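Subject: Structure for you to look over

Dear colleague,

Please find the structure below. My notes on what was found in it follow.

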Amino acid sequence: MFLIETKGLNKIYDLGESKVHALNEVNIGIAPGEFVAVMGPSGSGKSTFMNVIGCLDEPTSGNYLLEGRDIGGLSRDQLAEIRNAKIGFVFQGFNLLPRTSALENVELPMLYMNIPTREREERARAALRMLGLEGREHHHPNQLSGGQQQRVAIARALVNNAPLVLADEPTGNLDTKTSIEIMELIVKLNEEAKITVVLVTHEPDIAQYSKRIIRFKDGEVVSDEAIKKIQSSESNRATNDQYT
Amino acid sequence: MISIPNTLKISFRALRVNKMRSSLTMLGIIIGVGAVIAMLAIGTGASEQVSKQIASMGSNLIVILPGSTTSGGIRMGAGTTPTLTSHDADAIEKECPAVAEVAPVLNGVAQVVYGSQNWSTGVVGTTPEMLSVRDWPLQSGRNFTDQDIRSAAKFCLLGKTVADNLFGELDPVGQIIRIKNAPFTVIGILASKGQSPTGHDQDDTVYIPVTTAQKKIFGTSFPGMVRSIMIKARGPEYLEEAEAQIKELLRQRHRIGPRQDNDFTIRNLTQMMQAAEQSAKVMTLLLGAIASVSLLVGGIGIMNIMLVSVTERTREIGIRLAVGAKSWDIRLQFIIEALTLSLIGGLAGIILGVSGSGLLSHFAGWKTIVSPLSILLAFGFSGLVGIFFGFYPAYKASLLNPIDALRYE
C-alpha cells in the first residue's frame, strides 16, 4: 500500500479571465519509507503538489489518499488533525515561533493534542537531544544559528511521530556546509527511523540525497525515476562524513 | 484541542511582549470600569441621602398652612393670615378616615436658658401625636400626655442640638430650663434626626404643649390659633384621599362658598420628596450610562489592538495551523487574550473606582456608596466587553488560510 497516492489530481486557480492549471492529472504513489525529491522550475506546480499532500490545500478534482484514507471533503479541523498526527513540516524559512524557546517550539504540535505537560516536555527534550541540540532547549530562535533553527524545526516535525515529513526547500536559507549537515540528518532519519520524506527543491545537488526524483513542469509530471548515484553525489557523501 | 492553562500561558506571553501596547489598551477599560463604579457610587450616595432626608421628614406627611391675605391686590403668600385652629386639627383627626395622626403646630423663635448657658432656638407648641407624625423617637425621657396638653403644663422635649448646647455632658431630663423666662421641666430628649432636605438642622428645636405655647409663650390673635397642622396619612396610597377629605372638611368649617378660594394651603411633602428621590435615581442611571460609554470605547480599543495583533501575527497563526491547531484553538487563544486585557483592566478599574469614590467623598464631601452590585456589574460588563470585542478578531484569525498565513511577511 502507498503512504501517499494521488489519482487524477487537478488544481485549477481561477484568476477571473484566465484559469491556471497548477496541477494537471497528477498520478503518483509514494510507498512508506521512500525518500522522494520533487523538482521543477518555479510555477511548475511542485509547491501546489506539496500543499495538497500536506493537507494544507484541497485539490479541485481528483483524489488524494493518505494511508489509504481519502482526504477529499474533510473539514478544516479534520485536516488540522491529520496534519498534526501524520505530517511533519520543515520549511525554508524555519517558521519557528519568535520569542519562544526551542523547547516550546518543539512542544507546539503536542500542545494541540493535549498531551500532559510532563510528557510533552520529555518528548521535546528527547527530540532536541536526538538532533544534537542538548543544552539549547531554552534558547530563542534569534539566539540560534540557521542550522540550529532548522534542526529545531525538524525536531518539531518529528516529535509527534509523524510517518511523513514534508521538507520545502529546507536548505534554501542555509550555507553549503550547513545544508550538507541538514541533508545528512534527513537522510539518516529516512534510513534509520524509516520516515517517509518528500523534499521540494530546485537544487540538483540537494535532490541527489533522495532516492527518487519527480520532476514537474506546467503542472504535469514530466519524469519520475529512481536515482542513479552519480559521481558528484558520491564526493558529496565523502565530504559529509567529516561532519557526521 | 488545546487546554485553557496552555492558552492562558500563550496569551500572557503575547501580552508581555507588547507591554506598552497592552497597558494602554487596558487603560481604556480601567478608566471605563473606574468611571462606572465611581459614577454609580456618587448616584447611589445622592439618592440614599435623599431617601434618608425623606424618612427624617416623617412618612406620608401632609402639611396644612393658613391661606394668604390679599391686601390692595397684593397677595402676601401662604401663612400670612392665621386661619387654622387646634379645633381644625381635632376635627381632621375625628372626621377624615384617611388620616392617621394629626399634630397642630404653633411655633416661634425664643431664647432658652439653663443656668449660665443660653441658646436661641425654634420652639414648637404641639401635641403628643407630633412624634408619631414625624416618626421621631425619643432618646430618653417621656412624651407629653393628653393631660399635659389639657392643663397647659410647662413641660418640654429638647432636640439633640439644644440639649447639647445647654447641658453638654449633663443629663437634661428632670432639669428646669427657662423659655422666655417661664420655667419648663425637661421631660424628654428627642433622638437625633440630622438635616432636613433643605439643609435645616432639625435637632435645633424645643417641643412644648400647644396649649402652653398659645397661652403663655407666643400668644394668639384668636383662641386656639395654630400656625400649621401636620398630618400623617394612613399610608402612601391614602395621601390623595386624605388631601381631598381635609380640603372638604376645612372648606366646610371655614364656611367658604363654592366660588371662593381656600383660606389654607395643603402641601404634600412626601410626594415632593419622592419626586426628588426619583430624579436622584434617574441621575444615577444617567451617570452610569455615560460612564458605560467610556467602557464601550475601551472595548473598541481592545478590538482595535486585537485586529492589529492578528495581522502582525499572521505567520504565527500559520505555523500553529500547520502543526495542527484547529479553528477553535486559534479563536480561543485570541479571545482569551482579549479577555485577559479586559479582566485585568476591570480589576484595576475596580481599585480605581473604589479609591476614586473614597477620595471624592473625602475631599469634595460628596456622599458616595460603592455597592457590591455595581462592582460585580462593572467587572462582568468588562468581561463581556472583552469577549464581545475579542470575538471578531479571533474569528478572523481562525479563518486564515494556513498557506497564505505561512507566506505572510
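**Cavities**

The second largest cavity is lined by Val90(A), Ile154(A), Val165(A), Ala167(A), Ile186(A), Leu189(A), Ile195(A) and Val197(A). Two or more of its lining residues come from each of β7 (164-168) and α6 (176-192) of chain A. Helices (H or I, at least four residues) and strands (E, at least two) are DSSP runs, numbered from the N terminus. The lining of the second largest cavity consists of eight nonpolar residues, with no polar and no charged ones. Here Ala, Val, Leu, Ile, Met, Phe, Trp, Tyr, Cys and Pro count as nonpolar, Asp, Glu, Lys and Arg as charged, and the others, Gly among them, as polar. The volume of this second largest cavity is about 50 Å³.

Before the rest, some conventions. This is a predicted model, in which local features need pLDDT of at least 70 and side-chain atom pairs count only at pLDDT 80 or more, while totals for chains, interfaces and linings use all residues. Residues are numbered from 1 along each chain as its sequence is written, chains are lettered from A and ligands numbered from 1 in the order in which they are written, and side-chain values use heavy atoms, with hydrogens and water left out.

A cavity is a set of points, on a 1 Å grid over the protein atoms alone, where a 1.4 Å probe fits but cannot get out; lining residues have an atom within 4 Å of a point. Grid points are joined across faces, edges and corners, and a volume is the space filled by probe spheres set on the points. Two cavities of 30 Å³ or more are counted by this rule.

The largest cavity holds about 70 Å³ of space. Its lining includes Val323(B) as well as residues of chain A, among them Arg83(A), Phe89(A) and Asn160(A). β6(A) gives the largest share, three residues. By type, the lining of the largest cavity has five nonpolar, three polar and two charged residues.

**Interface and salt bridges**

Contact (heavy atoms within 4.5 Å) joins 24 residues of chain A to 29 residues of chain B. The two chains bury about 2400 Å² between them, 53% of it on carbon and sulfur atoms; buried area is the accessible area (1.4 Å probe) that two parts lose on being put together, summed over both. Of the area that chain A buries against chain B, 30% comes from Arg76(A), Asn95(A) and Tyr112(A), more than from any other three residues.

A salt bridge is a side-chain nitrogen of Lys or Arg within 4 Å of a carboxyl oxygen of Asp or Glu. Three are counted between chain A and chain B, including one from Lys326(B) to Glu81(A), with the closest N and O atoms 3.1 Å apart.

Definitions and conventions: On a 1 Å grid over the protein atoms alone, a cavity is a set of points where a 1.4 Å probe fits but cannot get out, and a pocket is an open set with protein on both sides within 12 Å along at least five of seven lines; lining residues have an atom within 4 Å of a point.
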